[in-house]
Amino acid sequence: MDMVCEKCRESGHDFSKDPIKCVYDGEWLRGDGTSIGADNGIAIVIGLVLAESGINGEIEHPPLELLFTVDEETGLTGASGLEEGFFEGRILLNLDSEDEGIFIVGCAGGQNSRVYLPVEWEPFNYSKENEFRLFRLSVEGLEGGHSGVEIHRQRANGIQLLARVLVSLKEKVGKEDLRIVFFSGGNVHNAIPNHAEAFIALSRSKEKQAEDFVSGLKQTLRNEYAVSDPEITLQLKEVENRVIFETSGGKVTREKVTRREVPSDRVFSAGTEERLFGLLLGMPHGVHRVSDTIPGLVETSNNLAIVRTGENEIRIVSSQRSSVMSRLAEVTGKVETVAKLAGARVEHECGYPAWEPDLQSELLMKCKQAYAGTFGKEPEIKVVHAGLECGVIGSKCECIEMISFGPTIKDPHSPAERVFIPSIEKSGFSLKTC
């Protein structure tokens, strides 16, 4: 119903058919090198347990409606499809938050942009027998994470990091001694890309120089990102197997994947390389503005999320967020401006609205009293930079009161995703008392 499928690069897990392997790690539940869907399958479980307990008479509660929506992680399309009168309740307890003891009363709106950069190819010959040979240059080992929840942590973006490495490497070995064949990075729009790869044609005479430079640059990047991404890995390796994975169709999705062979007789034109690197390095990424009124809240941000090389164009996905809709339009305009300067065309998706906080809400007052009475401490009240369906649902039902809470989940949208088991029961109690 609601999961971002992310895995470590070395994992052989196939999300289309393999069951999730869960690992108990003390008081935490995590996956075996994959995300586990704690965000937000755990909410479905809590809701169903509460409903069944009510039927059995174990827990008393008023009449409940359990609202399950599809595709929350791919654009809130399930909530967007809600029709008037689909549900009767006018109190919404949303179980899509990731820190137990924190009540969410507002969230950012968002919009995705799809950028299409035309590719010009030049004939080129590289093989073991010729002066140029094919190498794979990769950036891996990044932390990644939720592009709303973790964007303020300034974690490295694998796509921009690889573009930076390639520009520096070309300057080191010579522009004509290194040519780009293929560029790819990221998986989903709402995860900070934790890897990227490029296939390059490299002159034999510059292989040792390139290897030494990449090795030194790896340490430089590890020093730069010692706190946020201490395990950054750069790898330059000659490859013989030129079969890679690439998304099919006009849109970049992780579900539709085809096998494709890297062409052995062509490379990007020099103009394509220049436009691509200018676009990727010029594209805004990270925190754009912090709130003036709510301390510590990221107001506006952007996530350069996905890059794929196609036959005729390079496809790029950018994901913008803001709790101020005019500033969402502003940062979206910046994305479009950079793309057009590079000669690319842009398509913007419809997006979703922000959920503006109401700190005087009667529901909020009742929930605070219930939580304090149950656990002997006051809950924390927050507005988050992530997108929640409350914004969409609230726009369709103006008279509804809403609050969001849930168990503690760390590193959602990443292979390190895990849920704190004791917090699940506390969230269930919160739901009951609220």
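Trainee: Before we start, what does the predicted model require of local features?

Mentor: Residues are numbered from 1 along each chain as its sequence is written, and side-chain values use heavy atoms, with hydrogens and water left out. In this predicted model, totals for chains, interfaces and linings use all residues and side-chain atom pairs count only at pLDDT 80 or more, while local features need pLDDT of at least 70.

Trainee: Thanks! In the open sheet of four strands, what is the strand order?

Mentor: Helices (H or I, at least four residues) and strands (E, at least two) are DSSP runs, numbered from the N terminus. Two strands pair if DSSP finds at least two bridges between them. The edge strands here are S1 and S20, each pairing on one side only. With antiparallel pairing, the order is S1-S2-S21-S20.

Trainee: Which residue in S2 is the bridge partner of Tyr-24?

Mentor: Strand S1 (residues 22-25) runs antiparallel to S2, and four bridges join them. The two form a hairpin with two residues between them, and Gly-26 in the turn has a positive phi of about 65°. Val-23 stands opposite Arg-30 in S2. For Tyr-24, the partner is Leu-29.

Trainee: And which residue in S21 is the bridge partner of Trp-28?

Mentor: S2 also pairs with strand S21 (residues 418-420), in the antiparallel sense over three bridges. In that pairing, the partner of Trp-28 is Phe-420.

Trainee: Is His-413 buried or exposed?

Mentor: Look in the loop between strand S20 (409-410) and S21. His-413 has a phi near 65°, a positive value in a residue other than glycine. Its relative accessible area is 2%, so His-413 is buried.

Trainee: What about Gln-154, buried or exposed?

Mentor: Gln-154 lies in the loop between strand S7 (132-140) and H3. Gln-154 has a positive phi of about 60° although it is not a glycine. With a relative accessible area of 63%, Gln-154 is exposed.

Trainee: How are H3 and H5 oriented to each other?

Mentor: Axes are lines fitted to C-alpha atoms, for helices over the stretch in contact, and angles run from 0 to 180 degrees between N-to-C directions. Helix H3 (residues 158-173) and helix H5 (residues 270-282) pack at about 135°, with their axes 9 Å apart. Angles under 35 degrees count as roughly parallel, over 145 as roughly antiparallel, 65 to 115 as roughly perpendicular and the rest as oblique. H3 and H5 are therefore oblique.

Trainee: How far apart in space are Val-119 and Gly-271?

Mentor: Val-119 is found in the loop between strand S5 (109-118) and strand S6 (121-123), and at 12% relative accessibility it counts as buried. Leaving aside neighbours within four places in sequence, its contacts (heavy atoms within 4.5 Å) include Phe-268 and Thr-272. Val-119 and Gly-271 are 152 residues apart in sequence, and C-alpha to C-alpha their separation in space is 9.1 Å.

Key: Buried < 20%, exposed > 50% of the residue type's maximum accessible area, 1.4 Å probe, protein only.
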